[in-house]
Amino acid sequence: MASRRKQLQLNWIDLAVFAVFIAALAYTAYRVDSVLKYEWDWSGIWNYLYRWDEEQQRWAANLLMQGLYTTLRLALWGIGLAAVIGAVFGTMRTSRRLLPRMLSRTYVEFVRNIPPLVLIFIFYFFISSQVLPLFGVEEFIRHAGPGTLAWLQVLLGPPNLIPNVVSGVLCLAMLEGAYVTEIVRAGIQSVPKTQVEAGVSVGLSRRQLMHHVILPQAVQRVVPPLAGQFITLVKDSSIVSLISVQELSYLAMETAVSTSRIFEVWITVAALYFGVCFSCALLFTRLEKRMAVRRQ
Amino acid sequence: MGSTNEGVKLGTAAMLCLMLAAGSCGERAGQPPSSASVVETIKKRGALKVGMSTFVPWAMRNKEGELVGFEIDVARRLATDMGVAVEFVPTAWDGIIPALLAGKFDVIIGGLSITAQRNLTVNFTVPYAHSGMGVAANRELSAGMAWPEDYNGSAVAFTCRRGATSCTAVEELFPRAALRKFDDDPQAAQEVLNGNAHAFVSSYPNPTLLAHRYRNKLFLPTTDSLTRGNEAFGLRKGDPDALNFFSNWILVNTSSGWLEDRHTYWFKTADWAGQIDLNDSSEQPAANVEPRGSNGIAPQATPAELD
Amino acid sequence: MSLRKGSHARANVAVEFEGVNKWFGDFHVLKDIDLRVRERDRVVICGPSGAGKSTLIRCVNRLEEHQEGRILVDGKEIGTDPKSVAAVRREVGMVFQQFNLFPHLTVLQNCMLGPTKVRGLSKAEARKLAMQYLDRVRIPDQAEKYPGQLSGGQQQRVAIARSLCMKPRVMLFDEPTSALDPEMIKEVLDVMADLAQSGMTMLVVTHEMGFAKSVADVVVFMDAGRIVESAPPDLFFAKPRSDRLKLFLSRILPH
């Protein structure tokens, strides 16, 4: 067998592939420049990330960064809620009883077989429109004291947009919950049957077995794909721009329309999404390695 | 601005509208209108919630990320007159009517044109603005073409924003021409700038602003308005008090000339251009980008004989 | 030897099979099994693979269900209701071929789980008990490690300690050394021999004939789902009666 050491030098084939790639890139750039009659102007874009606030004499997040923060809030709350949904439905999916299995399966199949766009539209207008007033979210915010509002500001963003963000979180959690359900199901089912045998052999009851043997191991297996799902969620959250949640894509659209700098804005937004998702991916890989070292 | 919506989204939206309207009307059926009126809700809440969508120069984001524009001025003035605060609810255009019916805000002040089809699901006040449609064309592609007859050919391609009145206008006036619909105006304009379509149709002042900004690539084949729209506030059905209140507010502010004054500022001048950081704000003609009578904007090389 | 047998005759019966039959679908895996294991008996079960040895002992703590006959542990029949099954499982320890330690728990936690959750011991009591048995299987210094950090032999000794912490009346061993590297087999067998010395009732499925010779009271030979022969080890190895056992021994024993 060949040496397992990773190659550090490029051979001539690599160089050729590289050259072809560069040529293709240059040609595309040339074509874009000659065909796309577009006056590039990047000068003012940074202002839409951060702007200098004259009144308060400090830098303040402008539309795009506000949008990014909202996107991150959506993703964090969304994955949290989806994890709860996934834990409940995923456990139900492995139940020995038929009804929980059926309920869970129905939910998963609904989400998997209806386009997210359609599902979000329906969910937003029929479910979340009814649920939010029911909990009195808006009333609560209107009558909340300054202390509460400060907390809410950190957790959910500007108070006047909270009902908006909550709708977005509910929609995303409902969508992602189905995928997390499948992750949890796979996690539970991936715990080998021999662990069950070992557990019952020391006399554990069904419940104790689940609690002390199966779930802890399932959780360990679920965390890495869940982290991956979080990254997916950051990207997928752009879909709630459809229901006017003021996240990155929606505000990017508004910025693009207002400034007519459509490509500059969208390229900036692409860079923001990439930056966030790629750093998360790197972080998760590192954490995963660390966890693996601890348990060897 | 927009008029007849088409396609799946509107179908879904209309269906949702009817279902939601049926539901909410049923609840209110037996109650006296005054106590159920949205005017009362607004006063009790102390805030007017306005549904709107970004569209130059109706509502835009300025450099500080704040909303500015014609209808932003209108809504602020309305709220001040009511003695309440104003809250803007930016909403994607396709979903703005369902969102109104679902109670996400009190009123649409979003450049919503009156159409019979829409009027079946929402109530309209009297108009507070009259918009027009203009055309900007690609200099190379449309060279030597006479307006409007040469544009009604199968080799001609128009672009417009999906769901907007501009699309309907093109379909009616130039039935033989191809029509490409885009999600927003910049994309539709870009297609013409790229030379992939002949002309871009949009509400004023867009065509004029673009033809000025890209004066080497675009020109105005005509300075006439293709259409004359009637934009009004949109309200949920079954609320005569609100309809009366808002319509009369518009009447009063039309008579006083305030609405016309604001309309002129936002549509017939480019004084505001610096606010939203349009790059060439200094080069922008200070006033009078209104097509009628502004011959200076029509390019010298205009091949068409203007009617 | 016969003297010891005599003294055992009066001892209580720990495990008893009465006419047990079991099928996996159409496959008749256990055929008319009658076997009596008295307290303090060390029974080694051997035979070719597929003979039903593992299935036989897995029926004792109902990891497998039999369809016909009765299995009694300590005079009580294993029923189908979860309570009686749980009651039997508390009294029967099991050691698996693949160790089956809980990988997310430390060695100590592996040993403490049963005593705290099932026997209701306090953490301190369970820890003391666990350390006592870890000491007995000669790995007290590994208590804080995770199973993944131990060698196969060490893991199997932890598995034995984990079972012993439940203070079982009977210990089942399902090919405990088959998954081990040769140099680790001895350390596990030594622990098992110690355990036998202490008087534990043991049912051991194994191919280690040396262990059978030195430790077992009775060696049982199974083939094709049947108990073909059972005898004290000296007779079993010196004077096999059936041809099948002769063939088996000729293949398995060094010449």
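I began with what lies over helix 8 of chain A: the cover of its buried residues (buried being under 20% relative accessible area, exposed over 50% and partly exposed in between, with a 1.4 Å probe and protein chains only) includes helix 9 (206–236) of chain A, together with helix 2 (53–58), helix 3 (82–91), strand 6 (92–95) and helix 6 (152–164) of chain C. Contact here means heavy atoms within 4.5 Å, and helices (H or I, at least four residues) and strands (E, at least two) are DSSP runs numbered from the N terminus.

I note that this is a predicted model, in which local features need pLDDT of at least 70 and side-chain atom pairs count only at pLDDT 80 or more, while totals for chains, interfaces and linings use all residues. Residues are numbered from 1 along each chain as its sequence is written, chains are lettered from A and ligands numbered from 1 in the order in which they are written, and side-chain values use heavy atoms, with hydrogens and water left out.

**Helix 8, chain A.** I found seven of the nine residues of this helix (residues 193–201) buried, so the helix is largely enclosed by the rest of the structure. The buried residues are A:Gln195, A:Val196, A:Glu197, A:Ala198, A:Gly199, A:Val200 and A:Ser201. After the helix comes A:Gly203, with a positive phi near 95 degrees.

**Sheet, chain C.** I traced an open sheet of six strands in the order 6-7-8-3-9-10, with mixed pairing, where two strands pair if DSSP finds at least two bridges between them. Strand 6 and strand 10 (226–231) are the edge strands, each pairing on one side only. From one strand to the next the twist averages 20 degrees, and for such angles axes are lines fitted to C-alpha atoms, for helices over the stretch in contact, with angles running from 0 to 180 degrees between N-to-C directions. Strand 9 (residues 218–223) and strand 10 of chain C are antiparallel, paired over five bridges. I then looked at the helices packed on the sheet: helix 6 of chain C touches strand 6 and strand 7 (170–174), and its direction makes about 170 degrees with that of strand 6. Helix 10 (residues 243–252) of chain C touches strand 3 (42–46), strand 9 and strand 10, its direction making about 100 degrees with that of strand 9.

**B:Ala178.** I placed B:Ala178 in strand 9 (residues 178–182) of chain B, and at 33% relative accessibility this residue counts as partly exposed. Leaving aside neighbours within four places in sequence, B:Ala178 is in contact with B:Val156, B:Ala157 and B:Phe158.
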